[in-house]
Amino acid sequence: KSIKVFIQRFILSSFVKSGIIFTFLFTLIILLAIGLVALSSASSYYALTEYGDSSYYLVRQLIFAVAGIVVMIIVSKIDYKEYKKYGYLIYIIGIALMLMVFIPGIGSSAKGAQRWLNLGLFTFQPSEIMKLSLIIGMSTYIVKNQKKMKTWKGYIVPICMAGLVCVLMYFQSHLSGAIVMLAICGIIIISAGFKVKTRTIIIVGLTAIALVAAFLFSEEYRLDRVKSFLDPESDIQGGNWQPTQSLYAIG
């Protein structure tokens with residue numbers, strides 16, 4: 001029992017000192033392992049027929065997973081307060097990457113959505129980086145302007161920061177990303193101490209509904225997704241193909 005306690009304390013102290021919470025790390029690794037097993041199972045046949053190697057996608061994903069863990073450990077060594085020094089720069093870099101998807105030859109599109117950057121070896125969505133950039137950028141402004149945060153006018157700049165990101169999301173046909181960005185903006189503003197009143201909730205709620213509705217009706221395929229959600233048994237060879245296959249898999 002004493003050996004077990006010693007090992008637990010050693011592991012916990014090692015990760016805590018390095019800035020990593022062991023429970024969170026353990027959970028993350030478990031989820032990562034489950035994801036890799038699922039990927040291997042789902043992609044092995046396709047990888048074998050297309051590339052002659054059933055583990056093609058598994059190996060690629062495993063490389064990215066290991067690289068991600070290494071980056072996570074490196075980032076955990078950095079005191080989060082240091083980000084305040086470069087908060088605005090990080091936000092600007094995020095915006096620049098979002099704009100780069102519209103540059104021919106660098107930006108990559110798929111099924112009408114222009115939201116990827118093609119780096120040759122792989123592609124990625126700048127919106128994933130923008131999530132962190134928005135958090136750091138908005139938080140930096142709020143921390144550096146705490147006196148202005150006592151009234152709603154102080155939150156105009158953070159809202160505009162999030163609004164710019166959502167506009168770029170709109171032109172990338174990325175509704176889910178825009179919703180996530182708005183949610184991030186709202187959580188940060190509330191966490192900063194903004195007093196939420198019933199009137200404010202109603203105004204913001206109605207505005208959000210109006211914006212989402214406008215976004216949905218601007219493209220037919222978005223309406224089709226809503227229709228598919230409301231009637232999941234229709235068009236199982238088309239719009240409902242993926243959720244139908246998911247239900248078959250569970251069955």
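This is a predicted model: local features need pLDDT of at least 70, side-chain atom pairs count only at pLDDT 80 or more; totals for chains, interfaces and linings use all residues.

User: Good to know. How many helices and strands are in the chain?
Analyst: The chain has 10 helices and three strands.

User: And in what order do the elements run from the N terminus?
Analyst: The order is α-α-α-α-β-β-β-α-α-α-α-α-α.

User: What does the C-alpha trace span along its principal axes?
Analyst: It spans about 60 × 60 × 40 Å. The chain has 251 residues, and 23% of them count as buried.

User: Where do strand 1 and strand 2 sit, and how many bridges do they have?
Analyst: Strand 1 covers residues 107-110 and strand 2 covers residues 113-118, and four bridges pair them in the antiparallel sense. If you want to find the pairing on screen, S109 is opposite Q114 of strand 2, and A110 is opposite A113 of strand 2.

User: What about strand 3, how many bridges join it to strand 2?
Analyst: Two bridges do that, and the two strands run antiparallel. Strand 3 is made of residues 123-124, and its T123 stands opposite N118.

User: What do strand 2 and strand 3 form, and what is in the turn?
Analyst: They form a hairpin, with four residues between the two strands. G120 is in the turn and has a positive phi of about 90 degrees.

User: Switching to helices. How do helix 2 and helix 3 cross?
Analyst: Helix 2 is residues 22-51 and helix 3 is residues 56-76; their axes come within 6 Å and cross at roughly 155 degrees. Angles over 145 count as roughly antiparallel, and helix 2 and helix 3 are therefore roughly antiparallel to each other.

User: Which residues make the contact?
Analyst: Quite a list! From helix 2 come L25, L28, L32, L36, L39, S40, S43, Y46, A47 and Y51. Helix 3 brings Y56, Y57, L58, Q61, L62, A65, I69 and M72. By class, the contact of helix 2 with helix 3 has 15 nonpolar, three polar and no charged residues.

User: I see some tyrosines in there. How many aromatic pairs does the structure hold?
Analyst: It holds five aromatic pairs. One of them joins Y51 and Y56, which are stacked at 4.0 Å centre to centre with 15 degrees between the planes.

User: And how do the rings of Y51 and Y57 sit?
Analyst: Their centres are 5.8 Å apart and their planes are at 80 degrees, so that pair is edge-to-face. Ring pairs link Y46, Y51, Y56 and Y57 into a cluster.

User: How accessible are Y51, Y56 and Y57?
Analyst: Y51 is partly exposed, at 46% relative accessible area. Y56 is partly exposed at 26%, and Y57 is partly exposed at 25%.

User: Let's go to the other end. How do helix 8 and helix 9 cross?
Analyst: Helix 8 is residues 198-217 and helix 9 is residues 220-230, with axes that come within 6 Å and cross at roughly 110 degrees. Helix 8 and helix 9 are therefore roughly perpendicular to each other.

User: Which residues touch there?
Analyst: F215, L216 and F217 of helix 8 meet R222, L223 and V226 of helix 9. The residues of that contact divide into five nonpolar, no polar and one charged.

User: Last one: where is Y88, and what is it in contact with?
Analyst: Y88 lies in helix 4, residues 87-100. Leaving aside neighbours within four places in sequence, Y88 is in contact with G137, T140, Y141, K144 and N145. Y88 is partly exposed, with a relative accessible area of 35%.

User: How far apart are Y88 and K153?
Analyst: They are 65 residues apart in sequence and 20 Å apart in space, C-alpha to C-alpha. For the chain, among contacts between residues at least 6 apart in sequence, 54% join residues at least 24 apart.

Key
Residues are numbered from 1 along each chain as its sequence is written. Side-chain values use heavy atoms; hydrogens and water are left out. Two strands pair if DSSP finds at least two bridges between them. Axes are lines fitted to C-alpha atoms, for helices over the stretch in contact, and angles run from 0 to 180 degrees between N-to-C directions. Angles under 35 degrees count as roughly parallel, over 145 as roughly antiparallel, 65 to 115 as roughly perpendicular and the rest as oblique. Contact means heavy atoms within 4.5 Å. Ala, Val, Leu, Ile, Met, Phe, Trp, Tyr, Cys and Pro count as nonpolar, Asp, Glu, Lys and Arg as charged, and the others, Gly among them, as polar. Rings of Phe, Tyr and Trp (its six-membered ring) pair if their centres lie within 6.5 Å; planes under 30 degrees apart count as stacked, over 60 as edge-to-face and the rest as tilted. Buried means under 20% relative accessible area, exposed over 50%, partly exposed in between (1.4 Å probe, protein chains only).
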